[in-house]
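User: Hi! Could you walk me through this one, beginning with the ligand?

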Amino acid sequence: MNKVEVVPYKEDKNNKKAQVAKMFDNISPKYDFLNHFLSLGIDIYWRKRAIKLLKPHKPSHILDVATGTGDFAIAALKAKPTKVTGVDISAGMLEVGKQKIKKKGLENVISLELGDSEKLAFEDNYFDAVIVSFGVRNFENLEKGLQDIYRVTKPGGKVVILEFSKPTSFPFKQIYSFYFKYILPLIGKIVSKDQAAYTYLPESVHAFPYGKEFVNILNNTGFNHTKCIPLTFGISSIYTGTK
Ligand SMILES: C[S@@+](CC[C@H](N)C(=O)[O-])C[C@H]1O[C@@H](n2cnc3c(N)ncnc32)[C@H](O)[C@@H]1O
């Protein structure tokens, strides 16, 4: 069970999944811009680093869960797969992603479709690798999502997860807390016009397990050879494992 449930719209009676889908639908036109702007472009480097870890495994078919506008799926092409399938619960995010993929002429190798991490519409042992960037924190039921990711991964296949974590050392912890709590929600609100989305971001990061705690969850799901690699003073971490 995900212990602390942080939702975007506190007055909303819908469940977390419906609220998250609605929130990403709302911010989808501005999502890419805000991502790169608010992270000063570091998010692009983080995705590249994560895919570098996948490359030696030469995965042929990759599943990108919570693909959003497809940036991780596109970055995954560096691992030279024959196919990348991206799934997401937000039709708005997928639409932006589809346009981007069409513009880049990548429709023959990347396909995006509606899909829920907790009920993946694929057979057991189907993908050589499953990747998720900044998605797991948004799952309604983290364990259920990871279990289904495990189910569709081939034995010996790889999982690579990129997610926000928390810097712990002075003065980075203090600077980051101030930026994440005050500056980021303000810019996010002005640009995206969504009152809650960029307040939900620091709140959901704060409540989410990271480091050893997340590695333990991966171990309990059944993954082996699990590892956590902190990036940029621990603002993000890459988690890897093998089925
Ligand atoms: C912060 S975005 C990340 C998008 C992309 N992976 C990236 O790196 O930019 C999180 C995405 O997770 C999706 N998401 C949340 N819960 C999901 C679920 N249960 N199944 C599939 N996608 C989900 C949201 O709709 C959203 O597009």
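User: Which residues are closest to the ligand?
Analyst: Tyr31, Ala66, Asp88, Ser117 and Ser133 are the closest of the 19 residues that surround the ligand, where near means a heavy atom within 4 Å. Bear in mind that this is a predicted model: local features need pLDDT of at least 70, side-chain atom pairs count only at pLDDT 80 or more, and totals for chains, interfaces and linings use all residues. Residues are numbered from 1 along each chain as its sequence is written, and side-chain values use heavy atoms, with hydrogens and water left out.

User: Switching topic: is aspartate 43 buried or exposed?
Analyst: Aspartate 43 counts as buried because its relative accessibility is 2%; buried means under 20% relative accessible area, exposed over 50%, partly exposed in between, with a 1.4 Å probe and protein chains only.

User: What do the side chains of serine 39 and arginine 47 do with aspartate 43?
Analyst: The aspartate 43 side chain makes a polar contact of 2.7 Å with that of serine 39 and one of 2.8 Å with that of arginine 47. A polar contact is a pair of N or O atoms within 3.5 Å; within protein, one must be able to donate a hydrogen and the other to accept it, and residues adjacent in sequence count only if both atoms are side-chain atoms.
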